[in-house]
Amino acid sequence: MSSETITVKTGEAAAAVDIVAAPKKAEWKCPLSDHHVHREDVRKVWKECQEESFWYRALPLSMGSMAVTGGLIYNGVWQTSKRFGPFPKLLVAGILGFAVGKASYVSTCRNKFQEVGIEGGPGSGPWAKGGSFGPFNKSGHGHRSCHHVCEECKKKAQDTPAEQVKS
């Protein structure tokens with residue numbers, strides 16, 4: 001037999017033990033909880049990323065792919081649709097160029113977020129690790145990989161009169 005000491009905590013002490021003793025995961029850190037990162041800085045970097053990815057990558061690739069597609073159709077390499085003409089092919093080329101342009105800017109944007117102080121940037125949150133994502137991820141307080149405690153969890157911690165803690 002092994003000897004274990006069981007300590008019973010009540011009231012506020014139990015809630016404090018739960019919050020303090022919760023294991024820290026090396027996952028995504030909530031930018032709202034990091035006091036040295038300001039929301040305005042995050043919003044500014046996000047806006048910069050959106051604008052620069054559009055003007056420097058998405059729009060040029062979209063227009064370029066549409067121009068190449070138009071040239072292929074004009075030279076007879078690709079046939080136009082009998083019903084809709086060249087528009088479906090041009091539309092698909094434009095959408096694919098736009099998507100590839102936006103996706104190609106992700107690493108640049110991630111570096112900008114790291115300069116501000118947020119590790120990983122977009123695409124590296126709790127939903128990027130696979131498995132459950134967003135509000136359906138039931139890991140820790142607040143049901144996210146963020147240490148903010150939701151009202152439901154606070155209420156449960158206050159309503160629990162006794163808590164068994166193994167040491």
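Guide: Let us begin with aromatic pairs: rings of Phe, Tyr and Trp (for Trp, its six-membered ring) pair if their centres lie within 6.5 Å, and planes under 30 degrees apart count as stacked, over 60 as edge-to-face and the rest as tilted. By this rule the count comes to three aromatic pairs. The model is a predicted one, in which local features need pLDDT of at least 70 and side-chain atom pairs count only at pLDDT 80 or more, while totals for chains, interfaces and linings use all residues. Residues are numbered from 1 along each chain as its sequence is written, and side-chain values use heavy atoms, with hydrogens and water left out.

Visitor: What makes the pair of Phe54 and Trp55 stacked or edge-to-face?

Guide: The ring centres of Phe54 and Trp55 are 5.0 Å apart and the planes stand at 80°, so the pair is edge-to-face. Ring pairs also bring in Phe98, linking Phe54, Trp55 and Phe98 into a cluster.

Visitor: How do you know whether Trp55 is buried or exposed?

Guide: The term rests on relative accessible area: buried means under 20%, exposed over 50%, and partly exposed in between, with a 1.4 Å probe and protein chains only. Trp55 has a relative accessible area of 53% and is therefore exposed, whereas Phe54, with 28%, is partly exposed. Over the protein chain, buried residues make up 22% of the 167 residues.

Visitor: On what basis are helices and strands named, and how many does the protein chain have?

Guide: Helices (H or I, at least four residues) and strands (E, at least two) are DSSP runs, numbered from the N terminus. The secondary structure of the protein chain comes to five helices and two strands, in the sequence pattern β-α-α-α-α-α-β.

Visitor: Which residues of H3 are buried, and what puts them on a given side?

Guide: Leu90, Ala93, Gly94, Gly97 and Gly101 are the buried residues of H3. They cover an arc of only 100° around the axis, which puts them on the same side of H3; the arc is that of the directions from the helix axis to the C-beta atoms. In general, an α-helix has 3.6 residues a turn, so residues three or four places apart point the same way. The face of H3 turned away from its buried side carries the exposed residues Leu91, Ile95, Leu96 and Ala103.

Visitor: What covers the buried residues of H3?

Guide: The cover includes helix H2 (39-74). Contact here means heavy atoms within 4.5 Å. Ser62, which lies in helix H2, is in contact with Gly94, Gly97 and Phe98 once its neighbours within four places in sequence are left aside.

Visitor: Why is Ser62 called buried?

Guide: Its relative accessibility is 9%, so Ser62 counts as buried. Leu72, also found in helix H2, has 26% and therefore counts as partly exposed.

Visitor: What makes Cys49 and Cys109 a disulfide?

Guide: A disulfide is a pair of cysteine sulfur atoms within 2.5 Å. The S to S distance between Cys49 and Cys109 is 2.1 Å, and by this rule the count comes to one disulfide. The pair links distant parts of the chain, with Cys49 in helix H2 and Cys109 in helix H4 (residues 106-116), 60 residues apart. Both Cys49 and Cys109 are buried.

Visitor: Why is this disulfide called right-handed?

Guide: The torsion about the S-S bond of Cys49 and Cys109 is about 115°, so the disulfide is right-handed.

Visitor: Which residues does UniProt list as "transmembrane region"?

Guide: An unreviewed UniProt entry lists residues 54-74 and 86-105. In the model, residues 54-74 are 100% helix and 0% strand, with end C-alpha atoms 28 Å apart. Residues 86-105 are 90% helix and 0% strand, with end C-alpha atoms 29 Å apart.

Note on methods. UniProt positions renumbered as here; feature names shortened; annotations may be inferred.
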